[in-house]
Amino acid sequence: MIFWLVIFGIVTLIGIGVISLSFENDRMNVDFDKDPPPDLIIEVDITNTNINKNQLYAAKGVPEFWRYNGETLRIFKLNNGEYEECETSPLFSIVQKEDLYRFLAEAVEDEMEAMRNFQAFLKQKITDEDN
């Protein structure tokens with residue numbers, strides 16, 4: 001599974017997946033002709049842009065993306081070439097928005113600690129689901 005985390009327009013690859021990356025001027029480049037789209041893009045952006053990201057992500061076949069504007073988290077899933085907003089992530093149905101808000105608030109104080117706590121939280125949820 002391939003995940004992208006997009007913070008202020010900078011793409012950070014997280015998760016597991018095979019993808020060809022090249023770096024130019026300290027920026028990561030992804031070749032969509034060679035690489036599959038990510039399964040999920042998580043976008044944290046509090047700026048406005050003229051780029052229609054919904055249209056861009058849909059054209060690339062990204063099945064799900066999350067957008068956080070500093071206050072509100074919105075989850076979108078691709079359905080017949082267009083995104084529709086949903087309350088629960090199709091990929092992470094075990095995680096509720098309230099859980100995500102808690103970890104986003106933690107990240108303001110300590111991003112690395114929040115990431116470790118979120119990873120532990122996910123492992124526990126998955127373990128609970130398996131039992």
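**Architecture and packing of the predicted model**

Among the contacts in the protein with a separation of 6 or more, 39% are made by residues 24 or more positions apart, a contact meaning heavy atoms within 4.5 Å. The structure is a predicted model, in which local features need pLDDT of at least 70 and side-chain atom pairs count only at pLDDT 80 or more, whereas totals for chains, interfaces and linings use all residues. Residues are numbered from 1 along each chain as its sequence is written, and side-chain values use heavy atoms, with hydrogens and water left out.

The secondary structure comprises 3 helices and 8 strands, arranged along the sequence as β-β-β-β-β-α-β-β-β-α-α. Helices (H or I, at least four residues) and strands (E, at least two) are DSSP runs, numbered from the N terminus. Of the 131 residues in the protein, 31% are buried; buried means under 20% relative accessible area, exposed over 50%, and partly exposed in between, with a 1.4 Å probe and protein chains only.

Confidence is expressed as pLDDT, the predictor's confidence in each residue, from 0 to 100. The protein averages a pLDDT of 75, and 71% of the residues score at least 70. Among the elements, strand 8 has the highest mean pLDDT (95) and strand 3 (residues 21-24) the lowest (41). Over residues 6-27 the pLDDT is below 50, although this stretch has 53 contacts in the model beyond near neighbours in sequence. Where pLDDT is low, the predicted coordinates should not be read in detail.

Strand 7 (residues 73-79) pairs with strand 8 (residues 82-86) in the antiparallel sense over 5 bridges; pairing requires that DSSP find at least two bridges between two strands. Asn79 stands opposite Glu82 in strand 8. The hairpin of these strands has 2 residues between them, and within this hairpin Asn80 takes a positive phi near 55°. Glu71 lies in the loop between strand 6 (64-68) and strand 7. With a relative accessible area of 66%, Glu71 is exposed.

Helix 2 (residues 97-109) contains 13 residues, which at 1.5 Å a residue should span 18 Å; the end C-alpha atoms are 19 Å apart, in agreement. The expected span is 1.5 Å times one less than the number of residues. Lys97, Asp99, Leu100 and Phe103 of helix 2 are buried. These residues cover an arc of only 150° around the axis, and therefore lie on the same side of helix 2; the arc is that of the directions from the helix axis to the C-beta atoms. On the other side, Glu98, Val108 and Glu109 are exposed. The buried residues of helix 2 pack against strand 6, strand 7, strand 8 and helix 3 (111-130). Asp99 counts as buried because its relative accessibility is 12%, and this residue touches Phe121 and Lys125, not counting residues up to four places away in sequence.

A nonpolar core is a set of buried Ala, Val, Leu, Ile, Met, Phe, Trp, Tyr and Cys residues joined through side-chain atoms within 4.5 Å. The largest such core has 15 residues, of which Leu40, Trp66, Leu73, Phe92, Val95, Leu100 and Phe121 touch the most other members. Strand 5 (40-44), strand 6, strand 7, helix 2 and helix 3 each give two or more residues to this core, with the largest share, 3 residues, coming from strand 5. Apart from this core lies another, of 7 residues, among them Ile41, Tyr57, Val62 and Tyr83.
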